Amino acid sequence: MSIDSRQVAAGLLEAVPFARTLGIEFVEVAPEAEGGVRAVVRLPDLPAHHNHVGGPHAGAMFTLGETASGAVVLAAFGQVLDRAVPLAVTATIAYRKVATGPVLATARLGRAPAEVLAELDAGQRPEFPVEVEIGTEDGTTTSVLTVTWTLRPNR
């Protein structure tokens, strides 16, 4: 699988203006084993992002992680956007410690794309998780997020 990370970033930032508002940067969108996809996005350390304890606001952290998950979905399933709409169904986040400095979110597809596409081809509305680890640039995990996505067939 070949992934044009610049195209994924541009498409996502066009579709989700709030990610642009926060200044989210795309570090990497790349294939992984067995058709998987990994995306890494970065939230710069800006005073406007800070909360009352000096770290990034919980909403900014959630948006960072959800943006990374969306990049994975766009990279893995962009070829079917003419017949299905990707939608986030549920999301859970656990904030483990205060982050300081710029923050990275690394997202990975939780199911094989071929399985998801087979369900879509069979007329189903597949659901699949994207797991996201959020942390500081030195590798300290500060939050984890799981977003369950679906591909809603166009009718």
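Which residue's side chain meets that of Glu 25 in a salt bridge? The partner is Arg 42, with 2.8 Å from N to O. A salt bridge here is a side-chain nitrogen of Lys or Arg within 4 Å of a carboxyl oxygen of Asp or Glu. The pair links distant parts of the chain, since Glu 25 sits in strand β1 (residues 25–31) and Arg 42 in strand β2 (residues 37–43), 17 residues apart. Helices (H or I, at least four residues) and strands (E, at least two) are DSSP runs, numbered from the N terminus.

The model is predicted: local features need pLDDT of at least 70, side-chain atom pairs count only at pLDDT 80 or more, and totals for chains, interfaces and linings use all residues. Residues are numbered from 1 along each chain as its sequence is written, and side-chain values use heavy atoms, with hydrogens and water left out.

The sheet comes next. Strands of a sheet pair through backbone hydrogen bonds, either parallel or antiparallel. Two strands count as paired if DSSP finds at least two bridges between them. In this model, six strands form an open sheet in the order β1-β2-β4-β5-β6-β3, and the pairing is antiparallel. Strands β1 and β3 (84–95) are the edges, and each pairs on one side only. From one strand to the next, the twist averages 20°. Axes are lines fitted to C-alpha atoms, for helices over the stretch in contact, and angles run from 0 to 180 degrees between N-to-C directions. β3 and β6 run antiparallel and are joined by eleven bridges. Ile 93 has Leu 145 in β6 as its bridge partner.

Helix α3 packs on this sheet. The helix touches β1, β2, β3, β4, β5 and β6, and its direction makes about 35° with that of β4. Contact means heavy atoms within 4.5 Å. Helix α4 lies across β3, β4, β5 and β6 and runs at about 30° to β6.

The length of α3 can be checked. The expected span of a helix is 1.5 Å times one less than its number of residues. For the 20 residues of α3 (residues 58–77) this gives 28 Å, and the end C-alpha atoms are 28 Å apart, which agrees. Of these 20 residues, 15 are buried, so α3 is largely enclosed by the rest of the structure. Buried means under 20% relative accessible area, exposed over 50%, and partly exposed in between (1.4 Å probe, protein chains only). Thr 67 lies in α3. Its relative accessible area is 2%, so Thr 67 is buried. Thr 67 touches Leu 12, Ala 19, Ile 24 and Phe 26, not counting residues up to four places away in sequence.

What lies inside? A nonpolar core is a set of buried Ala, Val, Leu, Ile, Met, Phe, Trp, Tyr and Cys residues joined through side-chain atoms within 4.5 Å. The largest such core has 42 residues. Those with the most contacts inside it are Phe 26, Val 29, Leu 64, Phe 77, Phe 128, Val 130 and Leu 151. At least two core residues come from each of α1 (5–15), β1, β2, α3, β4 (103–109), α4 (113–121), β5 and β6. α3 gives the largest share, ten residues. Phe 77 touches Leu 109, Pro 113, Val 116, Leu 117, Phe 128 and Leu 151, leaving aside residues up to four places away in sequence.

Ala 39 lies in strand β2. Its relative accessible area is 0%, so Ala 39 is buried. Its contacts include Val 29, Ala 68, Ala 71 and Ala 105, not counting residues up to four places away in sequence. The C-alpha atoms of Ala 39 and Ser 5 are separated by 8.9 Å, although the two are 34 residues apart along the chain.

Charged pairs complete the picture. Side chains of opposite charge can pair when their charged atoms come close. The structure holds eight salt bridges. One of them joins Arg 38 and Glu 28 (3.0 Å, N to O). Arg 38 is in β2 and Glu 28 in β1, ten residues apart. Arg 38 is buried at 16% relative accessibility, whereas Glu 28 is partly exposed at 30%. Another salt bridge joins Glu 137 and Arg 42 (2.8 Å, N to O). Glu 137 lies in the loop between β5 (127–136) and β6 (141–153), 95 residues from Arg 42. Salt bridges that share partners also join Glu 28, Glu 32, Arg 38 and Arg 108 into one network.
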